[in-house]
Amino acid sequence: MRAVVVSQPGGLDALQVTTVPMPEPGPGWVRIKVKAFGVNESEVTTRKGESDPEVTYPRIPGIEGVGVVDQADEDSGLRPGQQVATMMGGMGRSFDGSYAQYVTVPAGQVIPFETGLPWEVAGALPEMFQTAYGSLATGLGLQAGQTLLIRGGTSTVGLSAATIAKDLGATVLSTTRCPDRAGELRAVGVDHPLADNGTIADQVRELMPDGVDAVLELVGCSVLADTFRTVRRHGTVCFTGALAGQWTIPDFTPFMIPNGVRLTSYAGGATDLPAQVFQQQLQAIIAGRLKAPVAKVYHGLEQVRDAQADVEAGTTPGKHVVLLDD
């Protein structure tokens with residue numbers, strides 16, 4: 001089969017399209033014929049050699065993908081030709097990932113679905129919808145009627161979280177560092193776009209004097225103290241990402257957390273996105289209640305370099321998706 005292989009870390013030239021042996025699924029694993037996959041920051045990190053020691057080379061990157069089952073154990077409950085999604089769980093890191101015509105993954109991280117949506121739309125969803133849904137459901141326990149602040153709103157997870165939260169019935173505030181991108185936030189249902197210059201607590205309190213019920217923190221530790229100031233007593237902050245690059249707080253003390261405010265985190269995987277929930281999300285996209293924020297579609301493995309270059313540039317909001325036409 002054909003695949004994109006990183007033999008050793010480097011620039012975009014490290015992404016080499018080559019022919020490799022067809023992967024054989026071991027017991028409890030499933031082989032998927034890949035139809036589309038999203039391109040993510042973590043794969044750029046893998047290509048550059050900046051990942052943790054879990055990642056070894058040579059490696060086929062790709063932490064998510066959609067396609068059809070090619071081969072599976074009978075007791076997996078999966079059948080050849082079935083539409084499936086997969087993500088995370090070491091995929092593209094400790095074992096070869098989705099930048100290929102076929103990928104093998106543990107059956108436990110395969111999500112079956114049925115949809116008439118184009119593959120490029122389905123391919124945009126797994127990682128960002130899993131992270132967004134897991135953060136809202138597991139991390140925050142968000143309920144209809146509550147207020148949610150998304151800090152880092154124009155990221156793919158931020159855009160996805162906004163559309164899921166609105167479908168749930170929440171009021172959504174969401175931030176962007178570029179005021180001229182407020183329209184992009186409104187387009188996915190955000191009620192109150194906010195310009196983030198590093199401090200947003202006063203803006204939030206003008207809109208919600210008692211503070212918001214919940215915050216999805218995607219910017220990171222560099223703004224966490226300010227984020228705490230946006231939350232009502234007994235509200236919750238879920239730390240899911242660090243777009244600003246700061247994952248730790250020097251000399252952290254629990255007393256920096258305001259009285260009665262809860263701090264949690266989310267870093268789950270495919271098992272946190274039940275098949276029935278993913279199916280409901282697909283149906284909601286068809287019905288127009290949810291939006292799939294697709295930035296650009298690329299055709300074939302030869303365009304993976306272009307996709308990673310665009311992800312690094314960060315100029316187009318939404319998911320960059322590679323569609324395999326063969």
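Hi everyone. Let me start with a term: a residue is partly exposed when its relative accessible area falls between the 20% under which we say buried and the 50% over which we say exposed. Arg289, at 48%, therefore counts as partly exposed. Keep that residue in mind, and please remember that this is a predicted model.

First, the overall picture. The chain has nine helices and 15 strands. For 326 residues, a compact globule would have a radius of gyration near 20 Å, and the chain agrees, at 20 Å. Along the principal axes, the C-alpha atoms fill a box of roughly 60 × 40 × 35 Å. Of the residues, 53% count as buried.

Now to the charges. There are 24 positive and 35 negative side chains, with the centres of the two sets 4 Å apart, and the structure holds 20 salt bridges.

Back to Arg289: what does its side chain meet in a salt bridge? The partner is Asp167, at 2.8 Å from N to O. Arg289 sits in the loop between helix H8 and strand S14, and Asp167 is in helix H4, so the pair ties together parts 122 residues apart in sequence. Asp167 is partly exposed too, at 33%.

Another pair is Asp13 with Arg305, whose closest N and O atoms are 3.4 Å apart. This one links the loop between strands S1 and S2 to helix H9, 292 residues apart. Asp13 is exposed, at 57%, while Arg305 is partly exposed, at 30%.

Finally, a network of salt bridges links Arg151, Asp196, Asp202, Asp226 and Arg229. Within this group, Arg229 and Asp226 meet at 3.2 Å; Asp226 is buried, at 8%, and Arg229 is partly exposed, at 44%. Thanks, everyone!

Note on methods. Residues are numbered from 1 along each chain as its sequence is written. This is a predicted model: local features need pLDDT of at least 70, side-chain atom pairs count only at pLDDT 80 or more; totals for chains, interfaces and linings use all residues. Side-chain values use heavy atoms; hydrogens and water are left out. Helices (H or I, at least four residues) and strands (E, at least two) are DSSP runs, numbered from the N terminus. The radius of gyration is taken over C-alpha atoms; the globule rule is 2.2 Å times the number of residues to the power 0.38. Buried means under 20% relative accessible area, exposed over 50%, partly exposed in between (1.4 Å probe, protein chains only). Lys and Arg count as positive and Asp and Glu as negative; His and the chain ends are not counted. The place of a charge is taken as NZ of Lys, CZ of Arg, CG of Asp or CD of Glu. A salt bridge is a side-chain nitrogen of Lys or Arg within 4 Å of a carboxyl oxygen of Asp or Glu.
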